[in-house]
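Trainee: I would like to go through the terms used for this structure and ask what each label rests on.

Mentor: Go ahead; each answer will set a value against its definition.

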Amino acid sequence: MIHSTIGLFHTAMAFLAMATGATVIFMRKGTKRHKQWGYVYVTSMLLLNGSAFFIYNFGNRPSLFHLFALISLATLVAGIVPAITKKHKNWYPRHFYFMSWSVVGLYCAFWAETGTRLLNGQHFWWAVAIASTSTALVGKVFIDREAKKLFGKA
């Protein structure tokens, strides 16, 4: 299942990011613990995305997974920068939405990685599409519900 040291590191960072991302999502926002766990999440995601560029499962060229790593990195940066700088009056909603979607995207990526490892191409695209779409829909419902509590809107 894991074929290299970088693959093992990537997997470890993925599980750390999944655990800390879920922790941050469900805890009270703005507390010292939220920020501490949030920085662990951001660090693990940076390492996860960085390590993705050293993994080539489909020959020696970039794949669709590398594109999604770039999108994940962009979402992460778009979520953490507003919280660090607090320059915009709407920094908090930006932080909330981008970081929330970063976590949802991570869980969608889990399905793609699991499909790659377990399905060996057979029914891969359908299984990943159904699992990822379901995950994204559940994530959207949760994000909209939380946004309504925090900002009075979805």
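Trainee: What is the accessible surface of the protein chain, and how much of it belongs to carbon and sulfur atoms?

Mentor: The accessible surface comes to about 9700 Å², and carbon and sulfur atoms hold 69% of it. Areas come from the Shrake-Rupley method with a 1.4 Å probe, and for residues only the protein chains shown count as cover. This is a predicted model, in which local features need pLDDT of at least 70 and side-chain atom pairs count only at pLDDT 80 or more, while totals for chains, interfaces and linings use all residues. Side-chain values use heavy atoms, with hydrogens and water left out, and residues are numbered from 1 along each chain as its sequence is written.

Trainee: How do you know whether the radius of gyration of the protein chain agrees with that of a compact globule?

Mentor: The radius is taken over C-alpha atoms, and the globule rule is 2.2 Å times the number of residues to the power 0.38. For 154 residues a compact globule would have a radius near 15 Å; the protein chain has 16 Å, so the value agrees. Along the principal axes, the C-alpha atoms fill a box of roughly 45 × 30 × 25 Å.

Trainee: Which pattern does the protein chain follow along the sequence?

Mentor: The pattern is α-α-α-α-α, with 5 helices and 0 strands. Both kinds of element are DSSP runs numbered from the N terminus: helices are H or I with at least four residues, strands E with at least two.

Trainee: How do you know whether the span of helix 2 agrees with its number of residues?

Mentor: The expected span is 1.5 Å times one less than the number of residues. Helix 2 has 21 residues and should span 30 Å; its end C-alpha atoms are 30 Å apart, so it agrees. The 28 residues of helix 5 should span 40 Å, and the end C-alpha atoms of helix 5 are 39 Å apart, which agrees. Helix 5 is followed by Gly152, whose phi is positive, near 75 degrees.

Trainee: How many of the residues are buried, as a percentage?

Mentor: Buried residues make up 35% of the 154 residues in the protein chain. Those of helix 5 include Phe124, Val128, Phe142 and Ile143.

Trainee: What makes a set of residues a nonpolar core?

Mentor: The members must be buried Ala, Val, Leu, Ile, Met, Phe, Trp, Tyr or Cys residues, joined through side-chain atoms within 4.5 Å. The largest such core has 15 residues; those with the most contacts inside it are Tyr41, Val42, Met45, Leu48, Leu76 and Leu106. Helix 1 (5-26), helix 2 (32-52), helix 3 (64-85) and helix 4 (91-119) each supply at least two residues of this core, and the largest share, 5 residues, comes from helix 1. Not counting residues up to four places away in sequence, Leu106 touches Ala17, Met18, Tyr41, Met45 and Leu48. A second, separate core of 5 residues includes Phe96, Val104, Cys108 and Ala147.

Trainee: Why is the pair of Tyr92 and Phe151 called edge-to-face?

Mentor: Rings of Phe, Tyr and Trp (its six-membered ring) pair if their centres lie within 6.5 Å; planes under 30 degrees apart count as stacked, over 60 as edge-to-face and the rest as tilted. The structure holds 7 such pairs. For Tyr92 and Phe151 the values are 5.3 Å centre to centre and 70 degrees between the planes, and the pair is edge-to-face. This pair links distant parts of the chain, with Tyr92 in helix 4 and Phe151 in helix 5 (residues 124-151), 59 residues apart.

Trainee: What are the relative accessible areas of Tyr92 and Phe151?

Mentor: Tyr92 has 25%, so Tyr92 is partly exposed; Phe151, with 22%, is partly exposed as well.

Terms used
Buried means under 20% relative accessible area, exposed over 50%, partly exposed in between (1.4 Å probe, protein chains only). Contact means heavy atoms within 4.5 Å.
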